[in-house]
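This briefing is meant for a reader who is meeting the structure for the first time.

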Amino acid sequence: MTAKFKDLALDANDHQALADWWCSALGYVRRDSLTGDERPDDWPVPIVDPAGEGPLIWLNPVPEAKSVKNRMHLDVFGETAELLALGATLIRERGGDVDWDLLADPEGNEFCVFTPR
C-alpha cells in the first residue's frame, strides 16, 4: 500500500501564538472551537479551514529554534502586503522568472505567496 496524505505539521516555540497567526493568515480556526474539545496548553494545536477546503495543520511545540531553511514549506494564494501587515517577513520578492514572493512567518518558517487566482 502506498502512503496517503493526512495532515501538515509545523513546529513552533510558541505554538499557541503561531496557531493564532496562521489562523489569521489563512482564515482558519482552531479545530477545538468547532468540536468543543479542550486540550492542555502544552499539547499541539490543530487548525482547520472552516469551509473544509484546506488541509488540517498541526502546530507542534518544540524547544529548539528554527536554524536552517525549511526543506518543505507551504505555498499559499494571498496578498503579500496583508501577510506582511500580520507580521510575516519578506525574504525574497517575486521578479524575473519567479512569480511568487518568499515570506517567513513570525517564527521564521518560510512560505511562498502566489497571486490569488
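## A residue in strand 8

F111 is found in strand 8, which covers residues 110–114. The model discussed here is a predicted one, and the values below should be read with that in mind. F111 is buried, because its relative accessible area is 1% and the term applies to anything under 20%. When residues up to four places away in sequence are not counted, F111 touches W21, W22, H73, L74, V76, L83, A88, D101, L102, L103, A104 and D105.

**Across the sequence from F111**

- Although F111 and D75 are 36 residues apart along the chain, their C-alpha atoms are separated by 5.7 Å.

**The chain as a whole**

- The chain has three helices and eight strands, and from the N terminus on these elements follow the order β-α-β-α-β-β-β-α-β-β-β.
- The radius of gyration is 15 Å, close to the 13 Å that the globule rule gives for 117 residues, so the chain is as compact as a globular protein of that length.
- Along its principal axes, the C-alpha trace of the chain spans about 45 × 40 × 30 Å.
- Of the 117 residues of the chain, 32% count as buried, while the accessible surface comes to about 7,700 Å², with 54% of that surface belonging to carbon and sulfur atoms.
- Among the contacts in the chain with a separation of 6 or more, 53% are accounted for by residues 24 or more positions apart.
- The chain carries 11 positive and 22 negative side chains, and the centres of these two sets lie 7 Å apart.

**The annotated span**

- An unreviewed UniProt entry places the feature "domain: Glyoxalase-like" at residues 8–114.
- In the model, the end C-alpha atoms of residues 8–114 lie 19 Å apart, and the span is 22% helix and 31% strand.

- Y28 lies in the loop between helix 1 (15–26) and strand 2 (29–30), whereas V29 has its place in strand 2.
- Y28 is buried because its relative accessible area of 9% is under 20%, while V29, at 25% relative accessibility, counts as partly exposed.
- Leaving out residues up to four places away in sequence, Y28 touches C23, I47, V48, D49, P50, G54, P55 and I57.
- With its neighbours within four places in sequence left aside, V29 is in contact with C23, L34, P46, I47, V48 and P50.
- For V29 and P46, the corresponding values are 17 residues apart in sequence and 8.7 Å apart in space, C-alpha to C-alpha.

**N70, in a loop**

- N70 lies in the loop between strand 4 (57–61) and strand 5 (74–77).
- Is N70 buried or exposed? N70 is buried, since its relative accessible area of 13% is under the 20% cut-off.
- Leaving aside neighbours within four places in sequence, N70 is in contact with G108, N109 and E110.

**L84, in helix 3**

- L84 lies in helix 3, which is made up of residues 80–86.
- At 33% relative accessibility, L84 counts as partly exposed, because this value falls between the 20% and 50% limits.
- Apart from its neighbours within four places in sequence, L84 is in contact with T89, L90 and L103.
- The C-alpha atoms of L84 and A104, which are 20 residues apart along the chain, are separated by 9.2 Å.

Terms used. Residues are numbered from 1 along each chain as its sequence is written. This is a predicted model: local features need pLDDT of at least 70, side-chain atom pairs count only at pLDDT 80 or more; totals for chains, interfaces and linings use all residues. Side-chain values use heavy atoms; hydrogens and water are left out. UniProt positions are given in the numbering used here, feature names are shortened, and annotations may be inferred rather than shown by experiment. Helices (H or I, at least four residues) and strands (E, at least two) are DSSP runs, numbered from the N terminus. Buried means under 20% relative accessible area, exposed over 50%, partly exposed in between (1.4 Å probe, protein chains only). Contact means heavy atoms within 4.5 Å. The radius of gyration is taken over C-alpha atoms; the globule rule is 2.2 Å times the number of residues to the power 0.38. Accessible areas come from the Shrake-Rupley method with a 1.4 Å probe; for residues, only the protein chains shown count as cover. Lys and Arg count as positive and Asp and Glu as negative; His and the chain ends are not counted. The place of a charge is taken as NZ of Lys, CZ of Arg, CG of Asp or CD of Glu.
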